[in-house]
Amino acid sequence: MFSRSTSYISKRLYSKSVQENSKWRSVVGLEVHAQIQSNSKLFSGAGSKFSSPINSNVSLFDMATPGTLPTLNKSCVEAAVLTALALNCQVNPVSYFDRKHYFYADMPAGYQITQQRAPLASNGSFDFNVYTPSVHKKPYKTKVRIKQIQLEQDSGKSLHDFDRSLVDLNRAGMPLMELVFEPDLKDGDEAAALIKELIGIFERIRTCSCKMEEGALRIDANVSIHEKGQPLGTRTEIKNIGSVRGVAGAIKYEIDRQIKIKNSFGTVLNETRAWNAEKKVTVPMRDKEVQQDYRYMPEPNLPPLHVAMGPIEFGSVNADTIKKIIPELPEEIRIRLRNELGLTETQSIILVNDSCLLQHFELALKSKNVDPIALANFLINDLNTSLNKLKLEIENMNIPSKYFSEIIDLLKQAQISHQTARLVLDELLSGDSDTPAMIIEKRNWKQITDVDELTKICETVLKENEKALKDFLSGKKKVFKFFLGAVAKTTDNRANMGKCDEILKTLLSKRLK
Amino acid sequence: MEKVLNTNIKTTFKLLIENIVTVPEITAAAFNKAREFKKYNSFINLTEESANKQAEESQKRYDEKKPISELDGVPVAVKDNFCTKEVATTCASKMLQNFIPTYNATVVERLKNAGAVLIGKTNLDQFAMGSGTVDSIYGPSKNIWGYQGDDNFHIAGGSSGGSSIAVASGICFGALGSDTGGSTRNPASYCGVVGFKPTYGLVSRYGLIPLVNSMDVPGILTRTVDDCVSILNAIAGFDDKDSTSLERPFKKIRLPPADKMTIKDLKIGIPVEYYNEHLSDEVYFAWNEIANLLSNNGAIVKQISMPNTEHSIVCYSILNQCEVASNMARYDGIQYGYRAEENSSTEKLYATSRSQGFNEVVRNRILTGNYFLLTRNYEKYFNKALKVRRLIANDFHKAWEEVQILLTPTTLTTAPLYKDFVQKTNRDQCALQDYCTQPANMAGVPAISVPIKLSNNGLPISLQLIGRNLSEPMLLAVAKYIENLVQFPHFVNKSS
């Protein structure tokens, strides 16, 4: 689960997009490394648990012991095929593994096994919505193409002490999917929105935990700028961005940096940079200065990877079988929410972007057939406001979903006012485990709807506020609101304000005569 | 007791079952002989302690009349590029001089499970890169044939020279070698033993420290074809630890007695391209002689053409060096192996460890291989070599449309003198030495070197049989048939 501070209701302010008033156009392409959720590594039987003690999830193969050989983990292939299909990619019936050579202490074999020549899948695409409320008035939909998805091994980790370096190989050989996107994006907001959508898809298909704090999802961004109508500019690559907020921030910073350089007639270098999340700047990565030749070579110890599909029956996994288990994906849910339940586009986006909120919405609707729009509004506005006020996370909230539909139902029957609904919510959030109806009963919050009773109350209010009444009768129409407020106050917000509005109007018009 | 070691596996098995000899006795004899023949330098490391323990356990099984297999109690040697649990595995290199694996190669494990007694690890060219067993940090192995002293000896051939001599001299019945371009068959040919390279994928490579993964196979060295079959039966078959191992179940091979076999109408091909200017007259005559003999015994012998044979060596050289460059990348002195005294930077540590840990041959291959793999050269060299490899494999496919088996020389000459051999570079020697053996590795097909006769100066002359993929039963049967016809005068029989 990514940090909630980056969700759509974030208060963080982004400056306006550079595109609108600049001659520069920016182009952004992403490469995403997604760790596959599996019990063991890509080519060995070693465990893959994140928090294991240092160097405990290491098989002989993972430390490149001479004579050991890779054996492909079938469940990783299944996960990658499922991902590829969910992202509308063509799964290739035959793909190959290659060795990519470079020396690094946490890369014990001196090469990484990846899929360079013929990846597992290619030519995918998906739609996603871009909506940063502080930047965009309303959401807009765009599309990104996926060049390829390949399987590859992760490297280990180097730990640098002041006078020595140590190596932890727990991560070495962990299964990764590398998703290479076409440079179809124009700024950091789009890139961040793409990653959010991707996370939403992964949450559905469960092939990647997306735990960014564990490095389960790492993003590289290629950024360049050019003048409209001119060829693309020199690009820089920002490596290993570890949060959605970082993606937006790093790309925005990088675009601005490149514009500054070009505006002062400088040259943008083709280099690899890193995002410093604390200082909010990108900095050149020193050790990657030299252009590496990875000397790719086919991995001779692994036969071609065959995936069965359609008439092709030969394969270690079957794409057609996997296709059948793809759950409903975010875009499909948004469409359903709009088309079948009548939600607005924004509502559908916000709900789908927050799987927990969506789950409450769906369960609530299932428990009681209430107006979906009213329910969605209540969850998006009232629940989120109350959660923010109390600094609570929705994941940690244990209100049964059916209570929300109950509140909506009580609202509809005019048993409570909207104001009271919020009070009930706060009660529930502060730990009251009674049903909304019981809370209302217990607290005597039930709305007063009886016209006679309300008329009496209104009469009393008018009587008790002679000065205000005089003002009103002499033409100060604004005082009407004061009467409404007084009614609300004397009834502890229990009066049905719609009815009181009418009653007061009638009473006052009588007096005007 | 040493006489038992000069017999064969089946005879020994019978003697053990009848309790005429015991496993500890045979094991002790093997070590006595190993010490007696120390000057030939066939072993890097003798594992006497663990062997004695294995021997006792094996004897217990015989005492209980429950031997595991005909290999139970049989002394075997293993080339020092197969990982052996808790036994140093050096690849005859400084780089792995201190490397003690924590696991057994699948072939070693299967031999152990069959009851065989591991007596030691045998000498080789560093990382199996060579064809003489001369480039070892433990010094060259020396051929028992024509040996006239430490400064005047013939090479054993290589790179499995240590295993070949261990078998030829009767220290053990069988030994494992590895075969990438002929490394099992070449020394077998020079030492007068049977050297067998199985179909690629039939025998697991797990635990074999790789030279060229796409061509390496564990090889078997024995004095007789029957002994070779006994060992093959123990080690062959699918291994889930090796993704290139063949899944098809291996059916144990049973060969009929030689006098019950016929080769009537067997179609034998003589590929004319295996004749080249370096082929010695004696080998050439032996080749002809056997072809005629087989023809006289009812086989249909015909000349065929395999036009891409001459390109095999240069193609092999490129593929070999590329895979070597890649496979050697792991030796950086970090996780295991030799680490130089160098702390100024990680890069310096790598560079110094590697330059000190590898010999010149290895370093040269790494440099050349990396050059071939550069992006700008990949198409020109590596990919082209892959295409040529396909052509060579196709030569074999076409040959099988005409014949069932090929008869060729194994080596172009008898074993050269050490002092002559080292005049040429490792590279040139490999090109020459591997000429007849290498194409089989390109195609993955099985091949066997069978000793035929002694040359005028008393050195073994051998011929090679090559069959199609998984034709082991037929290939080994024909080898046994020839073995019976020629009655090669084995070294162990000469000395007794």
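# A tour of chains A and B

Select strand β1 (residues 24–35) and strand β10 (residues 175–181) of chain A: the two run antiparallel and are joined by five bridges. This is a predicted model.

Nine strands make up an open sheet with mixed pairing, in the order β2-β6-β7-β10-β1-β11-β12-β13-β14 (chain A). At its edges are β2 (90–91) and β14 of chain A, each of which pairs on one side only.

Strand β13 (residues 272–276) and strand β14 (residues 281–284) of chain A pair in the antiparallel sense, over four bridges. The bridge partner of A:Ala274 in β14(A) is A:Val283. Four residues separate β13(A) and β14(A), which form a hairpin. Pick A:Lys280 in the turn: the phi angle there is positive, about 55°.

Next, select A:Lys239 and A:Asp220. They form a salt bridge, with 3.4 Å between the closest N and O atoms. A:Lys239 lies in strand β12 (residues 236–241) of chain A and A:Asp220 in strand β11 (residues 217–227) of chain A, so the pair ties together parts that are 19 residues apart in sequence. Over all chains, the structure holds 40 salt bridges.

**The annotated span of chain A**

**Chain B and its sheet**

Move to chain B and select residues 25–476, which carry the UniProt annotation "domain: Amidase" (unreviewed entry). Here the composition is 38% helix and 14% strand, and the end C-alpha atoms of the span are 31 Å apart.

Show the strands of chain B as a cartoon. Eleven of them form an open sheet in the order β1-β3-β2-β4-β6-β5-β10-β11-β9-β7-β8 (chain B), with mixed pairing. The edge strands are β1 (43–46) and β8 (300–304) of chain B, each pairing on one side only. Neighbouring strands of the sheet are turned by 30° against each other on average, direction ignored.

For a parallel pair, select strand β2 (residues 75–79) and strand β4 (residues 174–179) of chain B, which pair over three bridges. B:Val76 stands opposite B:Gly174 in β4(B).

**Where the chains meet**

Finally, show both chains and select the contact, made by 37 residues from chain B and 30 residues from chain A. About 2700 Å² is buried between chain B and chain A, and carbon and sulfur atoms give 58% of that area. Highlight B:Ser243, B:Arg330 and B:Gln335: they supply 22% of the area that chain B buries against chain A, more than any other three residues.

How many salt bridges cross the interface of chain B and chain A? The rule finds zero, whereas 16 residue pairs are in polar contact across the interface (both at pLDDT 80 or more).

To see the helices involved, select α10 (312–327), α11 (346–357), α12 (360–373) and α13 (375–402) of chain B; each supplies at least two residues of the side that touches chain A. Stop at α10(B), which gives the most to that side of chain B, with four residues.

Technical notes:
Residues are numbered from 1 along each chain as its sequence is written. Chains are lettered from A and ligands numbered from 1 in the order in which they are written. This is a predicted model: local features need pLDDT of at least 70, side-chain atom pairs count only at pLDDT 80 or more; totals for chains, interfaces and linings use all residues. Side-chain values use heavy atoms; hydrogens and water are left out. Two strands pair if DSSP finds at least two bridges between them. Axes are lines fitted to C-alpha atoms, for helices over the stretch in contact, and angles run from 0 to 180 degrees between N-to-C directions. Contact means heavy atoms within 4.5 Å. Buried area is the accessible area (1.4 Å probe) that two parts lose on being put together, summed over both. A salt bridge is a side-chain nitrogen of Lys or Arg within 4 Å of a carboxyl oxygen of Asp or Glu. A polar contact is a pair of N or O atoms within 3.5 Å; within protein, one must be able to donate a hydrogen and the other to accept it, and residues adjacent in sequence count only if both atoms are side-chain atoms. UniProt positions are given in the numbering used here, feature names are shortened, and annotations may be inferred rather than shown by experiment.
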